[in-house]
Amino acid sequence: MTICYLAIDVGGAKLAAAIVNEQGEVLVRDRIATPQREVWAALSRLVLRVVAAAPTPPVGCGVGCGGPMNPVERTVSPLYLSSWRNFPLAAEVEALTQLPTAVDNNAKTVAMAEAWCGAAVGVADFVSLVMGVGVGGGIVSGGKVLDGRLGNAGHIGHLVVEPDGRPCPCGGKGCLEAYCSGRAIEEETGRPPQRAPQAIVERTGILTGRALASVGAICDLRLAVVGGSVALGFGEPFFGAAQAELDQRARLSFTQGFKVVPAGLGQLAPLVGAAALARTL
């Protein structure tokens, strides 16, 4: 019998769900744009539609969502969903699907996916960065995803890259997310990220490289796997600028040779990551 998992990704631009097998292959998937209101109602319909199309019943569910989150209360408060504050996402999904459910930061789950069957297979120490509507991160050290006190370790989007810079949704100033998220780029340019001018693409890469150099020095890392619609949409100009900045700033002996690469699973990484989370149940 094929073992399958229900995978859910809650993003600022889209809601997605899938059935993923034990090899990390996506068998069924569906997605909708994230609505402005009634997010849970829309997500519920999507999830039930995907479960109904599953070739075999899933044995567990993993959910990737933006933070902050509280693992004790099993609630989420994603910055990009103002209507969800201390929302009991895990309990709601369990009640809907009758499946054991784990919820974690979607950038951390992407790190799990890339270690399972993506660009970081066999790598025990690396950082994952997801650049979409917001900017999230996950850090793998010694083969384990770092959780931190409340499960919020890896919020690289809130590293300060421009002192006294722009206000950020977190309440601070000068964060990476305030410059490099899809929302920030659209607010600055008046156009969606996929139509951003070359100067913005290159600056996004430079600031990302700057943040990654700091993470590498703090956590003793030499690999960054970067995904999300902004980074993958910008492509080689972004990755080239990020690598050039890393080469200039990662000068300690243990960080020299730090490489930044695209997510091996591409846009499927969040769903495969949610399934990787479900495998831990």
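A search of the whole structure, which is a predicted model, finds eleven salt bridges.

## Salt bridges

| Pair | Closest N and O atoms | Relative accessible area |
|---|---|---|
| Lys14 and Asp9 | 3.8 Å | Lys14 21%, Asp9 5% |
| Glu188 and Arg203 | 2.6 Å | Glu188 35%, Arg203 23% |

Lys14 and Asp9 form a salt bridge with 3.8 Å between the closest N and O atoms. Lys14 is partly exposed at a relative accessible area of 21%, whereas Asp9 is buried at 5%.

Glu188 forms a salt bridge with Arg203, and their closest N and O atoms are 2.6 Å apart. Because Glu188 lies in helix α5 (residues 182–189) and Arg203 in helix α6, the pair ties together parts that are 15 residues apart in sequence. Glu188 has a relative accessible area of 35% and is partly exposed; Arg203, at 23%, is partly exposed too.

Beyond these pairs, Glu162, Arg210, Glu245 and Arg249 are linked in a network of salt bridges. Members of this network return in the helix contact described next.

## Crossing of α6 and α8

How do helix α6 and helix α8 cross? The axes of α6 (residues 198–219) and α8 (residues 236–249) come within 7 Å and cross at roughly 40 degrees. The angle makes α6 oblique to α8. The crossing of α6 past α8 is right-handed. On the α6 side, the contact is made by Gln198, Val201, Glu202, Thr204, Gly205, Ile206, Thr208, Gly209, Arg210, Leu212 and Ala213. On the α8 side, Pro237, Phe238, Ala241, Ala242, Glu245, Leu246 and Arg249 take part. Sorted by class, the contact of α6 with α8 has nine nonpolar, five polar and four charged residues. Arg210 of α6 and Glu245 and Arg249 of α8 are among the contact residues, and these residues are also in the salt-bridge network with Glu162.

## Two buried residues

Asn105 is in strand β7 (residues 101–105). With 4% relative accessibility, Asn105 counts as buried. Which residues does Asn105 touch, not counting those up to four places away in sequence? They are Cys65, Gly66, Gly67, Met69, Gly137 and His155.

Leu99 is placed in the loop between α2 and β7. Leu99 counts as buried, its relative accessibility being 12%. Neighbours within four places in sequence aside, Leu99 is in contact with Leu6, Pro58, Val59, Gly60, Cys61 and Glu94. One of these, Pro58, is 41 residues from Leu99 along the chain, and the C-alpha atoms of the two are separated by 8.0 Å.

## Backbone features

A cis peptide bond, with omega of about 5 degrees, joins Gly67 and Pro68. Pro68 sits in the loop between β4 (61–65) and β5. Gly67 is also one of the residues that Asn105 touches.

Positive phi occurs at Glu38, which is not a glycine, with a value of about 55 degrees. Glu38 lies in the loop between β3 (26–33) and α1 (39–52). Is Glu38 buried or exposed? Glu38 is exposed, with a relative accessible area of 62%.

Gln98 has a positive phi of about 60 degrees and likewise is not a glycine. The loop between α2 and β7 holds Gln98, and Leu99 lies in the loop between α2 and β7 as well. Gln98 is exposed at a relative accessible area of 64%, whereas Leu99 counts as buried at 12%.

Notes: Residues numbered from 1 in each chain as written. Predicted model: local features only at pLDDT ≥ 70, side-chain atom pairs only at ≥ 80, totals over all residues. Heavy atoms only, no water. Axes fitted to C-alpha atoms, helices over the stretch in contact; angles between N-to-C directions. Helix = DSSP H or I, 4+ residues; strand = E, 2+ residues; numbered from the N terminus. Parallel < 35°, antiparallel > 145°, perpendicular 65-115°, else oblique. Left-handed = near helix turned anticlockwise from the far one by under 90°. Contact = heavy atoms within 4.5 Å. Nonpolar A, V, L, I, M, F, W, Y, C, P; charged D, E, K, R; others polar. Salt bridge = Lys/Arg side-chain N within 4 Å of Asp/Glu carboxyl O. Buried < 20%, exposed > 50% of the residue type's maximum accessible area, 1.4 Å probe, protein only.
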